[in-house]
Amino acid sequence: MLHGLEMLGSAYLDFLNFTSIMYGLGGAFLGILVGCMPGLSATLCIALLTTLTLKLPANDAILILICSYVGTLYGGSRSAILLNIPGTAANAASCADGHALALRGEAGRAIGIATSGAFCGTLFGVLCLAAFTPTLAEVALKFGAYEFFWLALFGVTMSGSIVGDDPLKGWLMGALGLLCAQIGQEGLYAYDRFTFGWDQLSGGISLIPALIGAFGFAEVLTILSDPVEKKLVEMKDSTLPRFKEVFQYWRTVLRSGVIGVLTGLLPGVGEDAGAWMSYAGARATSKEKEKFGKGSIDGLMAAETGDMSSIPGHIIPCLALGIPGSAPSAVLMAAMIIHGIQPGPMMMIAHPQFVYHVVAMTTLATFSILLFGLFLVRPLLYVLRIRRTFLMPVIFLLASVGAYASASRLFDVYAMLVIGVGAYFLRKKGYQMAPFVLGLVLGTLLDKSLRRGLVLSDGSIAPFFTRPICAVLAFVTIFTMLMYIPLVNRAVKGAMGRLKGLVFRRKPA
Amino acid sequence: MHSDSSDGEGRASTPRSDFIASMVWIVFGVVVAIASWNMDRLKSQDINPYTIPGLVPGLLGAGVVIFGLLMMYRAWRQGALTPQGDAGRRMAQPGEWQRFLLVLAPCLIFGGGLLGHGLPFWAAAALFVTATVFILQYRERKAAGQLLRGFVVAAVIGLAAGGLITYVFQELFLVRLP
């Protein structure tokens with residue numbers, strides 16, 4: 001305990017220097033700019049900055065990436081409030097109430113509430129990050145191949161179930177991601193799978209070009225094919241954060257912080273789930289339910305606190321288990337690996353100080369967004385006035401550089417193009433990219449864990465179901481999928497109804 | 001739950017489009033499963049039979065087939081094969097496809113042809129940005145009688161973007177460019 005506090009203190013001291021603070025502010029600044037622009041996601045921002053920071057020392061590079069991650073999600077609330085278009089998917093829950101406030105002439109107040117909610121939410125998440133990552137990593141040391149197999153499958157299943165409207169399409173995308181991860185040399189015998197004699201495919205599909213294709217190029221195509229440009233709401237009132245309202249809605253802030261961190265812990269669920277669930281929680285407990293969607297302060301505060309607190313929540317499983325909580329944290333994890341830090345249960349043994357460094361980096365990011373929220377709201381909004389016909393070709397240019405730079409392979413640019421065009425059409429048909437990305441990240445882990453597990457058990461699948469953690473994960477994963485079969489769904493609902501009836505009848509007695 | 005697909009007016013997919021998609025998924029899953037079954041089992045290396053390379057891809061292929069069948073059943077139950085099976089489909093906005101192809105073509109030419117094939121990065125980048133900005137604004141500029149001005153603006157943005165990105169990535173952050 002004391003040793004942990006000592007390392008935490010030392011980590012904070014490591015970042016209290018001019019260079020680190022400038023890197024942090026720069027990362028947050030770029031993040032806010034990208035977040036402000038509708039369609040440009042945190043995933044794209046981190047992926048592009050990963051390539052830009054390749055030659056920097058690991059701590060500086062990860063600091064920039066974390067600050068840009070926090071900045072992007074915070075910046076996304078601006079366009080949600082002023083344009084009624086979420087800057088990132090995570091800010092969608094802020095649209096209804098934020099834009100309604102803006103239309104009433106309270107755009108500045110809405111941005112102030114978003115700033116205070118974002119600051120409190122991230123800070124709460126940072127506390128959880130510092131408290132739970134070492135504990136979870138310690139528990140994860142007991143995990144074997146069987147547990148990791150289920151964790152990978154659980155992550156993809158949950159992501160498919162929760163992200164988007166159609167779980168079936170989510171699972172198909174998850175399976176597609178897992179299959180794409182099987183392309184290239186497999187990990188046990190270096191056997192080439194699905195390479196069709198093409199040497200370039202032996203290295204597999206790299207994560208960063210795939211993410212840039214799915215989230216960057218596809219978005220450029222989507223934005224530019226839509227001829228309608230939305231009008232910006234003018235902002236006349238003060239944009240200063242309203243901490244008085246934080247005290248007034250402290251229950252909402254605390255509840256949304258907890259919900260955000262808990263959804264963040266679920267692999268592959270994404271920040272938008274934190275925002276929507278917090279919003280639903282606030283609505284369920286509010287005395288002014290009728291105001292939700294029409295400019296509710298409670299609703300806006302809940303959505304912004306929930307999505308921001310889920311950021312540190314997503315980083316926890318990423319560091320402790322090596323399983324990212326969202327698409328942006330998947331890129332963050334890839335960046336850590338590029339810089340020689342392998343996230344996972346061994347991290348607390350191999351790089352114990354790094355976990356505390358991440359806590360310090362996230363704290364710096366939190367204060368950076370507060371600083372920009374206090375002093376630089378209006379100048380940063382000029383980015384919203386840039387015409388997308390000017391901006392998007394430049395974004396594509398950056399996407400091409402980003403895809404190429406991580407491995408200096410032109411093949412990665414081609415992969416980015418193919419994935420981007422595919423993602424454009426799939427998104428048009430209601431398929432989500434987050435399960436695909438998670439499948440791509442976890443495919444190798446799933447493959448190795450299943451085969452290693454089978455070797456250890458000499459072909460028996462019993463340990464995959466009988467070990468306690470495996471049993472829980474297997475039950476949730478299989479049950480979630482079975483519930484989609486109408487026959488099973490009806491039977492379970494019928495049984496639940498009968499059980500409720502029994503309990504209800506017994507209660508008066 | 002929020003969906004990040006750009007639905008616009010109408011539904012992103014209809015029972016009929018899901019039915020067709022399910023057939024594609026089933027065929028894809030079957031092809032993957034067959035390819036995995038036929039994958040080398042490395043018997044010459046005397047490996048443990050539970051670690052054959054085709055095991056996981058085969059299971060995933062089977063999974064895709066099952067999900068595809070479920071989707072087909074659902075679409076059929078929703079009336080995919082009835083005359084109303086395609087009702088409520090989101091119609092493309094006027095000019096959407098044209099704009100899509102206008103954006104896609106320069107991106108593919110730049111990424112697939114110009115990049116890394118002899119032309120310096122800054123020049124290829126400037127060429128791409130100038131052409132794309134000019135093409136996307138062509139109608140608007142032509143209607144306003146500002147074609148030359150439009151080209152100059154596009155060229156300035158193109159040269160600035162090409163030069164700045166090359167400088168920041170290559171000189172400042174020492175990243176190798178194509």
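Here is a short walk through the structure shown above, from the meeting of two chains to a few helices of chain A. Please keep in mind that this is a predicted model.

Let us start where the chains meet. On one side, 60 residues of chain A are in contact with 62 residues of chain B. Several helices of chain A each supply at least two residues of the side that touches chain B: these are α3, α8 (167-181), α9 (207-225), α12 (271-285), α18 (388-405), α19 (410-428) and α20 (434-456). The largest share of that side, 11 residues, comes from α18(A). Sorted by class, the side of chain A that touches chain B holds 37 nonpolar, 12 polar and 11 charged residues.

The crossing of the two helices is right-handed.

Now we can turn to pairs of helices within chain A. Leu207(A), Ala210(A), Leu211(A) and Ala214(A) make the contact from α9(A), while Phe436(A), Val437(A), Leu440(A) and Val441(A) make it from α20(A). By class, this contact of α9(A) with α20(A) has eight nonpolar residues and no polar or charged ones.

Another pair lies earlier in the chain. Helix α3 (residues 42-52) and helix α4 (residues 58-83), both of chain A, have axes that come within 9 Å and cross at roughly 155°. That angle makes α3(A) roughly antiparallel to α4(A), and their crossing is right-handed. From α3(A), the contact involves Ala42(A), Cys45(A), Ile46(A), Leu49(A) and Thr50(A); from α4(A), it involves Ile64(A), Leu65(A), Ser68(A), Tyr69(A), Thr72(A) and Leu73(A). The residues where α3(A) touches α4(A) divide into eight nonpolar, three polar and no charged.

Helix α6 (residues 107-140) of chain A has a kink of about 35° at Phe132(A), shortly before the proline Pro134(A). This helix, α6(A), is mostly covered, with 24 of its 34 residues buried.

Our last stop is one residue, Phe465(A), in helix α21 (residues 463-466) of chain A. Is Phe465(A) buried, exposed or partly exposed? Phe465(A) has 14 C-beta neighbours inside 10 Å, so this residue counts as partly exposed. Leaving aside neighbours within four places in sequence, Phe465(A) is in contact with Cys470(A), Ala471(A) and Ala474(A). Along the chain, Phe465(A) and Glu147(A) are 318 residues apart, while their C-alpha atoms are separated by 9.6 Å.

Notes: Residues numbered from 1 in each chain as written. Chains lettered and ligands numbered in written order. Predicted model: local features only at pLDDT ≥ 70, side-chain atom pairs only at ≥ 80, totals over all residues. Axes fitted to C-alpha atoms, helices over the stretch in contact; angles between N-to-C directions. Helix = DSSP H or I, 4+ residues; strand = E, 2+ residues; numbered from the N terminus. Parallel < 35°, antiparallel > 145°, perpendicular 65-115°, else oblique. Left-handed = near helix turned anticlockwise from the far one by under 90°. Contact = placed C-beta atoms within 7 Å. Nonpolar A, V, L, I, M, F, W, Y, C, P; charged D, E, K, R; others polar. Buried ≥ 20, exposed ≤ 12 C-beta atoms within 10 Å, placed from the backbone. Bend = angle between axes of the 7 residues up to and from the residue.
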